[in-house]
Amino acid sequence: QRVNRWAVWIQDALTLILVGLAVAVVFRARQFSLGAEGQLYFGALVSGAICLAWGNVSPWLVVPIAILSAMTAGFLWGVIPGVLKAYLGANELVASLMLNVVAQRFYELVLTFQLKPADAGYIASDPFPAGNILFPLIPETQVSVAIFIVIAAVIATWLLISRTTLGYEIRMVGANRKFADYGGVDSRRVILLAMALSGLLAGLAGAHLAMGIHRALILNISIGLAFEGVVVALLARNNPLVVPFTGLLYSYLRAGAQFMERDAGVSF
């Protein structure tokens with residue numbers, strides 16, 4: 001019944017749903033890429049840098065540009081493992097996990113030496129200007145207009161997978177790549193695009209963490225959150241329309257564990 005408690009549940013679920021969608025897209029092509037964590041870090045970094053740099057610009061311009069830039073950064077970081085797998089035959093699991101480390105270290109490098117104020121006693125950027133955040137719907141919480149962004153992302157992902165030519169090709173490659181090649185599908189292009197589009201959604205999740213949750217760039221902005229998204233996607237059987245429900249369920253367990261630990265002494 002406490003607002004702060006169900007708000008924690010909802011705001012955590014929004015990020016998990018976005019990451020779950022990202023994982024679901026690439027898993028539908030049966031590519032076991034786990035690069036969402038690195039793509040999330042780049043999305044957070046790019047969106048945060050824009051919010052900090054454009055403090056005097058209208059929020060109606062800054063916020064959409066920051067979100068689109070985060071999605072672009074995630075998309076481009078997703079292209080790299082896509083190229084490595086589709087055109088060079090590299091193992092996507094190994095490549096994506098290694099790229100995660102590169103992204104995390106790059107994030108820390110820029111945050112520590114470029115964005116952290118000189119007089120700060122800990123590694124974090126300045127708080128974003130008041131207008132350059134995702135507008136909160138519930139006062140004194142991080143439940144923001146990201147709800148509408150997440151709803152749009154769910155619908156767009158479902159339409160992509162179920163109602164487009166690319167989505168059909170993704171499902172065909174996931175079912176049987178050799179048959180897809182025999183049927184005239186360019187499976188290498190499909191694998192590349194599946195990983196890149198997955199990165200786009202993960203970058204959006206990073207923007208939500210930076211602009212909606214923390215409203216600043218902090219060290220370890222995501223501690224394995226993208227891997228929690230794998231659980232959300234698998235529980236939903238990679239169905240974009242089911243991901244919101246599994247995201248809410250899994251986030252309920254995560255939030256409940258925090259409160260149990262504090263109130264009842266039960267370990268997380």
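Which residues form a nonpolar patch on the surface? Here are some notes on that and a few other spots; bear in mind that this is a predicted model.

1. **The patch.** The residues are F135, L137, F148, I151, I155 and L159, and together they have about 590 Å² of accessible area. One of them, I155, sits in helix α5, which covers residues 146-163. I155 has 44% relative accessibility, so it counts as partly exposed.

2. **How α5 meets α1.** The helix that carries I155 also packs against α1, at an angle of about 15° and with the axes 10 Å apart. The two are therefore roughly parallel, since the cut-off for that is an angle under 35 degrees. The crossing of α1 past α5 is left-handed.

3. **How α1 meets α9.** Now follow helix α1 (residues 3-28) to helix α9 (residues 225-235): they pack at about 70°, and their axes are 7 Å apart. That angle makes α1 roughly perpendicular to α9. This crossing is right-handed.

4. Opposite charges on side chains can pair when the charged atoms come close. D12 belongs to helix α1 and R254 to helix α10 (residues 243-264), so the pair ties together parts that are 242 residues apart in sequence. Both D12 and R254 are buried.

5. What about burial? R189 counts as partly exposed because its relative accessibility is 30%, while E169, at 13%, counts as buried. Going back to D12 and R254, salt bridges that share partners join them with E228 into one network.

6. **A180, across from E169.** Have a look at A180 in helix α7 (residues 177-182). A180 counts as buried, because its relative accessibility is 0%. The C-alpha atoms of A180 and E169 are 7.6 Å apart, and the two residues are separated by 11 residues along the chain.

7. **One more pair, and the tally.** E92 and K85 form a salt bridge too, with their closest N and O atoms 2.9 Å apart. E92 and K85 are both buried. How many salt bridges does the count come to? It comes to 6.

Methods:
Residues are numbered from 1 along each chain as its sequence is written. This is a predicted model: local features need pLDDT of at least 70, side-chain atom pairs count only at pLDDT 80 or more; totals for chains, interfaces and linings use all residues. Side-chain values use heavy atoms; hydrogens and water are left out. Patches are made of residues with over 30% relative accessible area and no salt bridge: like charges are joined within 9 Å, nonpolar side chains (Val, Leu, Ile, Met, Phe, Trp, Tyr) within 5 Å. Accessible areas come from the Shrake-Rupley method with a 1.4 Å probe; for residues, only the protein chains shown count as cover. A salt bridge is a side-chain nitrogen of Lys or Arg within 4 Å of a carboxyl oxygen of Asp or Glu. Helices (H or I, at least four residues) and strands (E, at least two) are DSSP runs, numbered from the N terminus. Buried means under 20% relative accessible area, exposed over 50%, partly exposed in between (1.4 Å probe, protein chains only). Axes are lines fitted to C-alpha atoms, for helices over the stretch in contact, and angles run from 0 to 180 degrees between N-to-C directions. Angles under 35 degrees count as roughly parallel, over 145 as roughly antiparallel, 65 to 115 as roughly perpendicular and the rest as oblique. A crossing is left-handed if the near helix is turned anticlockwise from the far one by less than a right angle, and right-handed if clockwise.
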